[in-house]
Amino acid sequence: MKKVDVLLGLQWGDEGKGKVVDVLTPRYDIVARFQGGPNAGHTLEFQGHHYVLRSIPSGIFQTNQVNVIGNGVVLDPVLFAQEAKDLEKSGVDIKKILKISRKAHLILPTHRLLDAANEKLKGSSKIGTTGKGIGPTYTDKVGRNGLRIGDIDHDFKAKYDNLKRMHFNLLRALGEEPNVDELEKQWFEGIDYIKQFDLIDSEFFINKQLASGKTVLCEGAQGSMLDVDFGSYPFVTSSNTVCAGACSGLGVAPRNIGEVYGIFKAYCTRVGSGPFPTELFDATGDKIRQIGHEYGAVTGRERRCGWIDLVALRYTIMLNGVTQLIMMKSDVLDGFETVKACDAYEVNGKLTRDFPFSIEGDVKPVYTELKGWNADMTKMTSEAEFPQEFNDYVKFLEEKLGVPITIVSVGPDREQTIVRGK
Ligand code: GDP
Ligand code: IMO
Ligand code: MG
């Protein structure tokens, strides 16, 4: 029996998961998403093309690989149909290579309205969600009210109407006057489109494939610092983004987890509200945002930028059992005279290297300053070309994090990826 490998983000999302999944896919037979939904935006660049995937796994462009949307994912039929049809137009035979779990939950038009209404209610303490109905859909799943893909063939319209009625009552109680007439039409068209796909029991599919010697890469969405249990609660998403989410979101037993690739940027970003200890509010933060094009892949929102946070990274490496680290966007720090890394926090005047219960309030990052590298890394194709200062940065991070950095990314393109130790 083969084990699944898992690739996930160790920070607040947008680490570059899409790019690396695309790069690693040729090593695998199957790529599977296990949580999240269209709140994700995974960017892939190759041969001059630029794609942003939301619900569809990032293995979709490598031919012959099977891609799976697992039971832990929440799917919006409208957004899914748009995304899939765009891929069909670009020549991807998506109905042949994508399978969808019957146990995946559906995002209803009213879930989106509830997301917006909840945010409005929170006022200045809003989460800054992506507005895609993620929270309300997972709330219905846990509250045992949700609608699943597999319900499409079972009394679907009545179940839909029931849930919609419930949502209308909730929305009215929140002072909203809901109207979903237009959205609903597109939604049911999306449902008809989904029916054309191979709707499977993905837990059986994945386990049978593993038993027959096939290899599986599980693609995380968001990042561990957005995990509903371990992230900066309540400023998190509503799913388990950590490695354990691959077990519950695909039906993989914990002992069948193999490699865990933890992916992080050479610095750190966050989008939406919530604490971010190493955030920079100065020209350096603006410079990182500008050079790194740190704007949401889907929403276009400005991403908040800061130095790398090793306290948070050690925490998420522990939570996920990371076996290999992948460092992204190294090139963005090219030409910085110095780079900083936060190795401890001062919380209410006390020094800690462990991630505290809360990072809100008086949390000051304690930095180590390292020499920057004055080189253009984007053109580099091998480790041998790395400048000494960059090697020192990598060595410093490996020592502080205790896990080897096996891949370094030096640009958005598929080709701008350097495997170390080769
Ligand atoms: P994901 O959500 O984790 O897949 O990441 P996003 O796609 O939201 O954001 C990552 C952004 O960085 C995308 O615009 C990528 O094209 C880009 N990117 C990925 N790796 C690199 C890199 O090594 N260098 C640079 N400059 N950009 C990168
Ligand atoms: P990928 O997969 C970055 C953030 C939102 C908000 C919080 C909750 O591209 O890395 P939600 O809509 O999930 O209820 O929003 O989580 N968020 C992300 N931030 N990357 C993502 O996905 C995100 N998905 C959600 O900005 O702060
Ligand atoms: Mg993203």
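Predicted model: local features only at pLDDT ≥ 70, side-chain atom pairs only at ≥ 80, totals over all residues.
**Entry 1: ground rules**

**Entry 2: ligand 2 and its shell**

I started with ligand 2 and asked which residues surround it. I found 21 of them, the closest being Asp 14, Lys 17, His 42, Thr 130 and Thr 237 (a residue counts if one of its heavy atoms lies within 4 Å of the molecule). By class, this shell holds 8 nonpolar, 10 polar and 3 charged residues.

Next I looked up polar contacts, meaning pairs of N or O atoms within 3.5 Å; within protein, one must be able to donate a hydrogen and the other to accept it, and sequence neighbours count only if both atoms are side-chain atoms. A backbone N or O atom of Asp 14 is 2.8 Å from an oxygen atom of ligand 2. His 42 uses a polar side-chain atom instead, placed 2.7 Å from an oxygen atom of the ligand. On its own, ligand 2 has 550 Å² of accessible area, and the protein covers 98% of it (Shrake-Rupley method, 1.4 Å probe; for residues, only the protein chains shown count as cover).

**Entry 3: the largest pocket**

Where does ligand 2 sit? I find it in the largest pocket, where "sits" requires more than half of its atoms within 2 Å of the grid points. I note the rule for spaces once: on a 1 Å grid over the protein atoms alone, a pocket is an open set of points with protein on both sides within 12 Å along at least five of seven lines, a cavity is a set where a 1.4 Å probe fits but cannot get out, and lining residues have an atom within 4 Å of a point.

The volume is about 1000 Å³, taken as the space filled by probe spheres set on the points, which are joined across faces, edges and corners. I count 49 lining residues, with Ile 127, Thr 129, Val 236, Thr 237 and Ser 238 closest to the centre. The lining splits into 21 nonpolar, 19 polar and 9 charged residues.

Helices α4 (109-122), α5 (134-142) and α6 (156-173) each give at least two lining residues, and α5 gives the most, with 6. Elements are DSSP runs numbered from the N terminus: helices are H or I of at least four residues, strands E of at least two.

**Entry 4: ligand 1 and the second largest pocket**

Ligand 1 takes the space of the second largest pocket. The elements giving two or more residues to the shell around ligand 1 are α1 and β3. That shell has 20 residues, with Gly 16, Lys 17, Thr 43, Asp 331 and Ser 409 closest; I get 5 nonpolar, 7 polar and 8 charged.

Gly 41 puts a backbone N or O atom 2.8 Å from an oxygen atom of ligand 1. An N or O atom in the Thr 43 side chain is 2.5 Å from a ligand oxygen. Asp 331 has a polar side-chain atom 2.7 Å from a nitrogen atom of ligand 1. Taken alone, ligand 1 exposes 580 Å², of which the protein buries 92%.

Of its 27 lining residues, Thr 43, Glu 45, Gly 292, Lys 329 and Pro 412 are closest to the centre. Contributors of at least two residues include α1 (17-24), β3 (42-46) and β4 (49-53), and β3 has the largest share, 4 residues.

**Entry 5: the cavity**

How many cavities of 30 Å³ or more are there? I get 1, and the largest cavity has about 30 Å³ of space. Its lining is Asp 76, Val 78, Ile 107, Leu 108, Pro 109, Arg 112, Leu 183 and Trp 187. Two or more of the lining residues come from each of α4 and α7 (181-194). I count 6 nonpolar and 2 charged residues there, and no polar ones.

**Entry 6: backbone checks**

I went back to Asp 14, which lies in the loop between β1 (4-9) and α1. Its phi is near 60°, a positive value in a residue other than glycine. I also found a cis peptide bond joining Tyr 233 and Pro 234, with omega about 5°. Pro 234 is in the loop between β10 (216-219) and α9 (244-250).

Key. Residues numbered from 1 in each chain as written. Chains lettered and ligands numbered in written order. Heavy atoms only, no water. Nonpolar A, V, L, I, M, F, W, Y, C, P; charged D, E, K, R; others polar.
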